[in-house]
Amino acid sequence: MGVYILKRLLTMVPTLLVISFLIFAIIELPPGDYLSNQIEQLRMQGESAAIARVEFLRDQFALDRPFLERYGIWLGVWPGPNGFDGLIEGNWGWSFEFQKPVGEVVSGTLLLTVVLNFATILFVYLVSFPIGIYSATRQYSWGDYGFTFLGYLGLATPNFLLGLILLFLANAWFDVSIGGLMDPDYIDQPMSIAKAGSILSHLIVPTIVIGTAGTAAMIRRLRANLLDELHRQYVTTARAKGLKENKLLLKYPLRMALNPFISDIGNLIPSLVSGSVIVSVVLNLPTVGPILLSALQSQDQFLAGFILLFVAVLTLFGMLVSDLLLAILDPRIRLGGQASK
């Protein structure tokens with residue numbers, strides 16, 4: 001197991017290199033950049049002194065260099081102007097929109113983004129797992145029809161509308177402040193028990209809102225997989241031999257039905273980040289989603305590139321966790337190659 005994990009971690013290095021190149025290339029596809037757009041606006045306004053300042057920044061951050069050279073400087077494998085360091089050396093770049101280093105822009109949002117994503121994934125699995133099992137084992141019952149209806153309702157309801165409704169109810173019933181991931185009194189305050197409690201109380205609404213669509217889809221998937229396994233020949237044979245229903249369900253069909261269920265852990269992370277942008281704007285959540293949207297709109301390439309690369313790292317680690325869980329869950333899966341004969 002340890003050797004397999006080490007191999008996977010080493011494999012992530014070239015994978016991240018390819019991903020970083022694709023990210024940089026896609027961000028560079030639109031013509032111009034943040035500073036080029038600013039220069040055009042300043043020319044229209046006749047601000048010659050400001051244009052000289054912007055041109056200096058273009059030279060300072062090597063934006064006037066060829067594409068591959070700019071990519072190498074951003075990554076940190078090519079010497080940049082004035083000793084400019086890259087990602088490998090810990091320099092995440094400069095945000096032209098916020099006029100400060102990328103690290104300062106995202107420092108307060110990365111941890112909260114990870115916490116919110118973890119809470120959402122936990123919510124999706126804790127809710128969809130028992131409901132999916134219930135619907136499969138009690139097919140065409142009133143409970144199955146009820147959960148199916150709620151699932152379709154969750155898929156059809158816009159997230160931002162559900163968020164507004166839950167925000168109103170949380171404020172009216174539990175006196176939770178509107179928006180954000182904590183009460184305004186705790187912003188810029190050191191972590192304490194009271195602040196942690198405020199964060200947990202504010203996590204409930206965005207977790208439910210962001211996780212609703214994923215939960216509904218997971219319920220349908222687990223129900224379909226488990227129904228397929230329950231109709232297989234080995235289940236019929238086990239029942240004929242007198243194996244108790246609960247033991248039969250847990251030992252074989254459920255474990256086989258969970259394979260796609262577990263393998264989706266890695267895919268959930270990028271979908272949660274990209275799918276929560278509108279929700280984060282509506283609920284005023286301090287996550288990287290709104291920052292990424294703003295960076296892409298303004299062509300702030302260093303900021304957008306780092307956030308996309310950060311999501312890619314989370315995805316790769318999520319896929320590693322899902323592969324390890326699948327190997328533990330299903331004895332037919334072997335780590336690092338074929339099973340020994």
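## Pocket lining

By class, the residues lining the largest pocket comprise 14 nonpolar, 8 polar and 2 charged, where Ala, Val, Leu, Ile, Met, Phe, Trp, Tyr, Cys and Pro count as nonpolar, Asp, Glu, Lys and Arg as charged, and the others, Gly among them, as polar. The model is predicted, so that local features need pLDDT of at least 70 and side-chain atom pairs count only at pLDDT 80 or more, while totals for chains, interfaces and linings use all residues. Residues are numbered from 1 along each chain as its sequence is written, and side-chain values use heavy atoms, with hydrogens and water left out.

Of the 24 lining residues, Gly108, Leu112, Met182, Ile187 and Pro286 lie nearest the centre of the largest pocket. A pocket here is an open set of points on a 1 Å grid over the protein atoms alone, where a 1.4 Å probe fits, with protein on both sides within 12 Å along at least five of seven lines, and lining residues have an atom within 4 Å of a point. H6, H9 and H14 each give two or more residues to this lining, and its largest share, 3 residues, comes from H6.

## Nonpolar core

The largest nonpolar core has 39 residues, of which Tyr125, Val205, Leu226 and Leu258 touch the most other members. Such a core is a set of buried Ala, Val, Leu, Ile, Met, Phe, Trp, Tyr and Cys residues joined through side-chain atoms within 4.5 Å, buried meaning under 20% relative accessible area with a 1.4 Å probe and protein chains only. Helix H9 (193-230) is among the elements that give two or more residues to this core, and the largest share, 10 residues, comes from H9.

Key
Buried < 20%, exposed > 50% of the residue type's maximum accessible area, 1.4 Å probe, protein only. Helix = DSSP H or I, 4+ residues; strand = E, 2+ residues; numbered from the N terminus.
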